[in-house]
Amino acid sequence: MYVNMCCRYAVVTGANRGMGLEICRQLASNGVMVVLTARDEKKGIEALEKVKRDNGLSDLVVFFQLDVVDPSSIATLADFIKS
């Protein structure tokens, strides 16, 4: 049985490029729950799959579609993290 002992969270946006993916990898490998965000759902899911496939960090990285200029999208992200 897996018990998630993670109590630290990081929101990473723009991780469909090399630097963001490396940030996700480093955070997750140090036990931080990473919420990977992107406005483009397809690109975000591709980045998530790459992080999971290349690093085996599937339990610590999740995807959330986020539009950083939309207040309701940001509020929904906050609710997502709280839950």
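1. Terms for exposure. A residue is called buried if its relative accessible area is under 20%, exposed if it is over 50%, and partly exposed in between, with a 1.4 Å probe and protein chains only. Helices (H or I, at least four residues) and strands (E, at least two) are DSSP runs, numbered from the N terminus.

2. Basis. The model is predicted, and local features need pLDDT of at least 70, side-chain atom pairs count only at pLDDT 80 or more, while totals for chains, interfaces and linings use all residues. Residues are numbered from 1 along each chain as its sequence is written, and side-chain values use heavy atoms, with hydrogens and water left out.

3. Three strands make an open sheet in the order 1-2-3, with parallel pairing; two strands pair if DSSP finds at least two bridges between them. Strand 1 and strand 3 are the edge strands, each pairing on one side only. On average, neighbouring strands are turned by 25 degrees against each other, direction ignored. That angle is taken between axes, which are lines fitted to C-alpha atoms (for helices over the stretch in contact), and runs from 0 to 180 degrees between N-to-C directions.

4. Pairing in the sheet. Strand 1 (residues 9–13) is joined to strand 2 by 5 bridges, and the two run parallel. Strand 2 is likewise joined to strand 3 (residues 61–65) by 5 bridges, again parallel. Leu-36 can be followed across the sheet: Leu-36 is the bridge partner of Val-12, and in strand 3 the bridge partner of Leu-36 is Phe-63.

5. Cover of strand 2. How many residues of strand 2 are buried? The count is 6 of 6. Met-33, Val-35 and Thr-37 point one way from the strand, and Val-34, Leu-36 and Ala-38 point the other way.

6. Thr-37. This residue belongs to strand 2 (residues 33–38) and stands opposite Phe-64 in strand 3. Thr-37 is buried, because its relative accessible area is 0%. The side chain of Thr-37 makes a polar contact of 3.0 Å with the side chain of Thr-13. A polar contact is a pair of N or O atoms within 3.5 Å; within protein, one must be able to donate a hydrogen and the other to accept it, and residues adjacent in sequence count only if both atoms are side-chain atoms.

7. Helix 2 and its ends. Helix 2 (residues 41–55) has 15 residues and reaches 21 Å from its first C-alpha to its last, close to the 21 Å expected at 1.5 Å a residue. The expected span is 1.5 Å times one less than the number of residues. Asp-40 caps the N-terminal end, with a side-chain oxygen 2.9 Å from the backbone nitrogen of Lys-42. Just after the helix, Gly-56 takes a positive phi of about 60 degrees.

8. Gly-44, Ala-47, Leu-48 and Val-51 are buried. Seen down the axis of helix 2, its buried residues fall within an arc of 100 degrees, so they line one face of the helix. The arc is that of the directions from the helix axis to the C-beta atoms. An α-helix has 3.6 residues a turn, so residues three or four places apart point the same way. Lys-42 and Arg-53, on the other side of helix 2, are exposed.

9. A salt bridge is a side-chain nitrogen of Lys or Arg within 4 Å of a carboxyl oxygen of Asp or Glu, and the count comes to 2. One of them joins Glu-22 to Arg-25, with the closest N and O atoms 2.6 Å apart. Both residues lie in helix 1 (residues 18–29), 3 residues apart, about one turn of the helix. Glu-22 counts as partly exposed at 32% relative accessibility, and Arg-25 does at 29%.

10. Salt bridge between loops. The side chains of Arg-39 and Asp-67 also meet in a salt bridge (4.0 Å, N to O). This pair links distant parts of the chain, 28 residues apart: Arg-39 is in the loop between strand 2 and helix 2, and Asp-67 is in the loop between strand 3 and helix 3 (71–82). Arg-39 is exposed, with a relative accessible area of 58%, whereas Asp-67 is partly exposed at 24%.

11. Ser-73. This residue of helix 3 counts as buried at 11% relative accessibility. The side chain of Ser-73 reaches the backbone nitrogen of Asp-67 at 3.0 Å.
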